[in-house]
Structure formats: C-alpha cells, structure tokens
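I opened my notebook to look up a strand, some helix pairs and a couple of backbone angles. Here is what I wrote down, entry by entry.

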Amino acid sequence: MLSLVWFQRDLRVQDHPGLVWAAAQGAVLPVYVAEPDLLAGPDASARHHGFLDECLSGLRADLARAGQPLVLRVGDAVEVLARLHAKHGFGRLVTLESPSTAWSRARDRRVADWARGRGIAWAVLPQPATGTPLAPPALPFVTEGTGALPGLKALGLAEDRCPFRQPGGRATAEQTLEAFLGARVQGYARGRLTLTGAERTGSRLSAYLAWGVLSVREVLDAARARRGDDNAAGLRAFAGRLALRQVADLPDPGAPGAADPARLAAWRGGETGLPFVDAAMRAFDATGWLNARARGLVAAVACHHLGLDWRVVGAHLARLSTDFDPALHGHALRALAGVDAPLRLPDPVTVGRQQDPEGAFIRRWLPELARLPDAHLHTPWTWPDARRLRYPEPVVDPASAARAVRAAIRARAPVPRPTRPVLIEPLPIRPQGRQMALDLRAPG
C-alpha cells in the first residue's frame, strides 16, 4: 500500500519515525504542502519563507538520494491531498506530531473528515525523544513532479532583508551543531545568562529544531558522544533548555485589540528611548535571533510599559524570529503578558545593565550613543547634553510606567500561581504538552 508522508515541521529524512515506518509498509510519496494561508499568515514573514525554502531544498536533495524526491504542492491541504489521492490512490497518510494552533487544528479537522470519508488511515507518530536516532530508509521511486514554493509576491509578503539571518538546510544545521559541541558548549552554562554571552556561546540550533531539520534526539545523541569534564556543565545546561521543547496545543488567542500606533512604531523600530530594549529590537530585526532573556524583556516592555496588546506584540516577534515555534513562543508570551500566570515585571534599565554591563551591545546597535559616557549609556536622558543626541527621549518613563502597571495588576483578579515562578526568561506553561524525557547519560 502506498503511504503519503506529509512533512510539516519535520523537514529531515534522518531520525524521522514516520518516514521509516511508512517505508517499512511499502512505497512512500513524500509531500510538503505549501499552504498560502499559513505561509502568509499574521505571524509569517519573508525571512521565514527564505529559511523554509533553504530547508526544503536540503530535504529534497536528501530524499532524492534515498530514492524518491520531495513532492511540493501549493494550495489548501485538503484540495492538494485530494488531487494526489485521485492520481496515486494512497491508502495511508502519515505525519509527525507538530505544535498545534487554532488554525492548524481547524485544518486538521477538515483533513481528518476528508480522509475518513475515503477510508484513508491517518497515522500521527510522536516526535522522537529518547533512544537511538533512526537512519534514513531507502525509498522506491514513485513518478510525480517536484514543485516549488510560491514567491513572496504571490503570497503578499513584504521584502525582509534580515542581512544576518541564519541560513536554512540540513547541511548548515549539522555544521552548527558540530561547531557548538566542539567549542562553544564549554562556555554555554554561564554565557547564556547574558545577551552578549549567548551570542558567543549559544547553540544557535533553535531555528533548526523549530523547523524539524534536526530532531531533539539527534542533538542529544551527538551531545552524549561529546561528554567530557571540560563541557559537562554546558551539556547539562543545554539539556535543560532542550527539555522545554514540547509538542503542545496553543489556545486560540482571540482577536488583537487596538495598539497605540506611535508606541508600536517606536518599539518595532528600536526608537523607544530605552537603549537596551532598542538595541535588542534592532539586533533582532537584522539577525532573526535574540536570546530568551532579551526576547522576554522586549516583549514584557511592549506589553506592560508601553501598553501594547500582547497579541500584536506576539505577531511581530514571531515575524522577526527565524526560529519561531508556535507552541514554545506562544506559551512564553502568554506567560509574560500575565494571561496564564502571575506577572513579574522587569525593569528595562536594570536588566540592560545586567545583560550589557560594559555597553558593548548597545554601542554596536545604537551607533548614535557610541560616544555617550558609560555612566549615562543605559539612561541617556540623564546626560546633561542629552539634547545633542540624535536619539529619542523615552516614550514612557520606565519607573512611572512600572508603577502604573503594578497598580493595574493589584486592581484585577489574581491569576493562579504556577508551580514555578515566571521570570524574565519564562518557562512555558503547557499542561497539554507531552514532556520529553531527556538524558545525557550513555545508553544502557
């Protein structure tokens, strides 16, 4: 029986349980459905499109080496699957678990109804978490054209230069993993605590994990093979971060509310007058990456100090993030906004001094402040010659805004306290998710 393996956020042939299981049953038709409503949704951007295109190119090449190139089709999932079924008559649909959103759940209900009506079994396999990674299977050839992603203009996506975006694809992912485990991991435990440290010692694997170019199990297996006294602390800390990557359901956020256009534009453009926040936003825009603590800070400042709707904030951060993961980032944002958990409000000036004590990061991304004296770098409005700066005054006074937020919090009904505190770097609260068992010990 022919099986159609529907790739979603699992863009690899290595350690792919669905592909291995389907190949053991017979011929396989590997398919990626480019859904315009998803690729051009409110949380999508051209940088996602570019990264995805590179990942699909690598997947296509790997599948071709296994015997069957990737089939890429554009359109509504049900319509694409129906056309392929009419031509090939596949009897089984195979997918891996992926983060669930309101949009994807509605799509999956339509696919399930269609498959049920035609007697097609739909097997959804769990993402691999423990054990030995699976080798790619050999695939019998099935005649079918390949296809390509629609262009930015066809999707209505604006150009997005992102000059320092990470490249996508399996080959680059493997190189990044090797570079991390070979050197950077030794400083990971301490380096990840600050933004400048995370730039030097971070794994930079989040985008490849978010799109499924690498599996968590593969990364853990590679980490086990590199165990040693000089990197033990870094590997433990890294395994702890991997433990947060779960497959989970994300609640429907509802329609976003109104957002002050001037404040939103200032925050998006790195022009709030709060130097560390602005530097982080400019870096985020240029690179597509920001470490978790700094990402949490810019989100919290937007939601609370600037009073922007958390859904508007979340959509913009999603568009900036090459490593956007709907479940991981969605739950983190809900916690930061106080939707699902009590709020701990960060002070952007204090956090900036902690994260960038020497001011190197601020000076790199805010060249207009490069010559500002160290004592005033995090609070340029306190410099006697502040009027000479080509840098805006703060959109809000951070201390006054924080007091107003705390007063509003005291006036509203309390949110039940979670089992762990919500910090600047939030731990996603996902009761629906399946916690993965992570272990860096050698097998056996």
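Predicted model: local features only at pLDDT ≥ 70, side-chain atom pairs only at ≥ 80, totals over all residues.

**Entry 1: a covered strand**

I looked at strand β4 (residues 92-96) and found that 5 of its 5 residues are buried, where buried means under 20% relative accessible area with a 1.4 Å probe, protein chains only. Strands here are DSSP runs of E with at least two residues, helices are runs of H or I with at least four, and both are numbered from the N terminus. Residues are numbered from 1 along each chain as its sequence is written, and side-chain values use heavy atoms, with hydrogens and water left out.

**Entry 2: neighbours of β4**

I followed the pairing, which takes at least two DSSP bridges between two strands. Strand β1 (residues 3-7) runs parallel to β4, joined by 3 bridges, and Val5 stands opposite Val94. Strand β5 (residues 121-125) is also parallel to β4, over 5 bridges, and there Ala123 is the bridge partner of Val94.

**Entry 3: two helix pairs**

I looked up α14 (residues 275-287) and α15 (residues 292-305): their axes come within 10 Å and cross at roughly 115°. Axes are lines fitted to C-alpha atoms, for helices over the stretch in contact, and angles run from 0 to 180 degrees between N-to-C directions. Phe276, Val277, Ala280, Met281 and Phe284 of α14 meet Arg295, Leu297, Val298 and Val301 of α15, contact being heavy atoms within 4.5 Å.

Next came α7 (residues 170-182) and α11 (residues 216-225), which pack at about 35° with axes 11 Å apart. Arg170, Leu177 and Leu181 of α7 touch Glu218, Val219, Ala222 and Ala223 of α11.

**Entry 4: positive phi**

Which residues did I note for a positive phi without being glycine? Asp15 is one, at about 50°, and Cys162 is another, near 40°. Most residues other than glycine have a negative phi. I placed Asp15 in the loop between β1 and α1 (17-25), and Cys162 in the loop between α6 (152-155) and α7. Asp15 counts as buried because its relative accessibility is 0%; Cys162, at 6%, counts as buried too.

Technical notes: Buried < 20%, exposed > 50% of the residue type's maximum accessible area, 1.4 Å probe, protein only.
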